[in-house]
Amino acid sequence: MEDLNYLRILKLLQVLFTISIIRFSACEIKNTHIVDDFRQIILIERFGFAPDGHVTISLDYVSWRSDEPAAKLYPSSMGFCLVRDVSFPRLLNESIFTENFCVLSSKYVNLVFRFDKLGPDSSYNTSTTIDEPDEYNLIFGNCQKEFLVTMNVHTEMYNVNNNGDKDFLPAGQTPLPNFYFLLFVVYFVFLIIWGFICFKQRKIVHKIHLIMAMLLVFKALKMICASEDKMYIRNTGKPHGWDVAFYIFGFLKGVTLFTVIVLIGTGWSFLKPFLHDREKKILMFVIPLQVIENIASIVISEGGPVEKHWLAWNEMFLLIDVMCCCIVLVPILWSIKSLRQASKNDGKAAENLKKLTLFRHFYVVLIMYLYFTRFGIAMIESVVTYMHEWVNVVAAEGASLMFYMFIFYNFQPIEKNPYLAIHKDDDDEEQEEDDDDDDGEEDVKNLSI
């Protein structure tokens, strides 16, 4: 019995962790198709309501079936309800440890309607006004798990602004369209400045600098698409295709960012004009992982917890993200080790020590950036109220901007840069690539993130 309770607690913690870490789409008019679903609790949508918020639910093509011939259906055992986000963990805990649990009868929920109110054509329309503003979860409850439910669900969640118009963005996201547009302007100016620096120093520009320029292009395009996406959702409840462009440029930005980190970490273009097999393998491993991660992110954002395999996609996303973060640190450790050995063996110890200092700083800053954007933001989300959800975005994008400024400043094309200066007769750098793979594996074992 104790083992069973232990497994239940682990399951509860798993669900709470994935739901708290990943912010699914919860800010638009949604059409959800549920097919032969037996789950007792299906989380349809999460939304932050201001005063005088509204919830509209429309159902059609409602049906159910059971593999048990003797099962008898009670329509009042199925329906929709609202639960405050702060009470949602308690509701999950109650569902796990309470026998004969029925979510529609829980003290933590506000009942919207039961299926005994369905019309003759198996459809129903209802609209509810939120009297107490808060962040709510819209839930479908099935208290007869022997029945599989199929239906189309159309939901609209919105607030009413000062002009009396519908605002389909959650209360804590209303500043985001303007903030994303501001970031677009910042990165566009950043790109112009970077282009001016590269043009001025075009004689010493490396290929890595052009890839870094591409990173700024994709980041700026992602920000303008995010701004337009949120603006259209706020006004109409639909992204009108901007979400597709957002995902495309977000994918290109992610792949380019990790590529830049790996190439800088290996010293490509700065310390040597080539990549060895082990470094190429890292790139060929990171890029497909980024593809899978972005696919998982799209499924998580567009589908939400209503999808049967949503938790599996969440776990895949988190696992791949951690793997990518660990992998990109390995080339930096290789470069640091090689520079440390070179500073002891050759006659240019001072120059190599300066390079070693830069790569150490890069390693530390990268770890800080990865930790903050993965775990620090989650901690901020846990303490910030739903009305200030925009603070999480500001913190994450602010950290990204500072990280970009660090790598672009320290690895810019500057003539006679003491960190990156390489003499023509400097062929000792190739010696670093002759280290056997055992040394690399030892570094990986010592890696902690």
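Throughout these legends, a residue is called buried under 20% relative accessible area, exposed over 50%, and partly exposed in between (1.4 Å probe, protein chains only). The model is predicted: local features need pLDDT of at least 70, side-chain atom pairs count only at pLDDT 80 or more, and totals for chains, interfaces and linings use all residues. Residues are numbered from 1 along each chain as its sequence is written, and side-chain values use heavy atoms, with hydrogens and water left out.

**View A. The disulfide of Cys-102 and Cys-143.** A disulfide is a pair of cysteine sulfur atoms within 2.5 Å, and the count by this rule is 1. The sulfur atoms of Cys-102 and Cys-143 lie 1.8 Å apart. The link of Cys-102 and Cys-143 is right-handed, with 75 degrees about the S-S bond. Cys-102 is in the loop between helix H2 (88-97) and strand S5 (109-114), and Cys-143 is in the loop between strand S7 (135-142) and strand S8 (147-160), so the pair ties together parts that are 41 residues apart in sequence. Helices (H or I, at least four residues) and strands (E, at least two) are DSSP runs, numbered from the N terminus. Cys-102 is buried at 18% relative accessibility, whereas Cys-143 is partly exposed at 21%.

**View B. Cysteines Cys-81 and Cys-325.** Cys-81 is in no disulfide, and the nearest cysteine sulfur, that of Cys-143, is 8.8 Å away. Cys-81 is buried, at 0% relative accessibility. For Cys-325, the closest cysteine sulfur belongs to Cys-324 and is 6.9 Å away, too far for a bond. Cys-325 is buried as well, with a relative accessible area of 3%.

View C. Side chains of opposite charge can pair when their charged atoms come close. A salt bridge is a side-chain nitrogen of Lys or Arg within 4 Å of a carboxyl oxygen of Asp or Glu; the count by this rule is 9. Arg-65 pairs with Asp-36, the closest N and O atoms being 3.4 Å apart. Arg-65 belongs to strand S3 (residues 53-66) and Asp-36 to strand S1 (residues 30-37), so this pair ties together parts that are 29 residues apart in sequence. Arg-65 also meets Asp-67 in a salt bridge (3.0 Å, N to O), and Asp-67 is exposed at 62%.

**View D. The salt bridge of Glu-397 and Lys-219.** The closest N and O atoms of this pair are 3.1 Å apart. Glu-397 lies in helix H10 (residues 390-410) and Lys-219 in helix H4 (residues 207-236), so parts that are 178 residues apart in sequence are tied together. Glu-397 is buried at 11%, and Lys-219 is buried at 2%.
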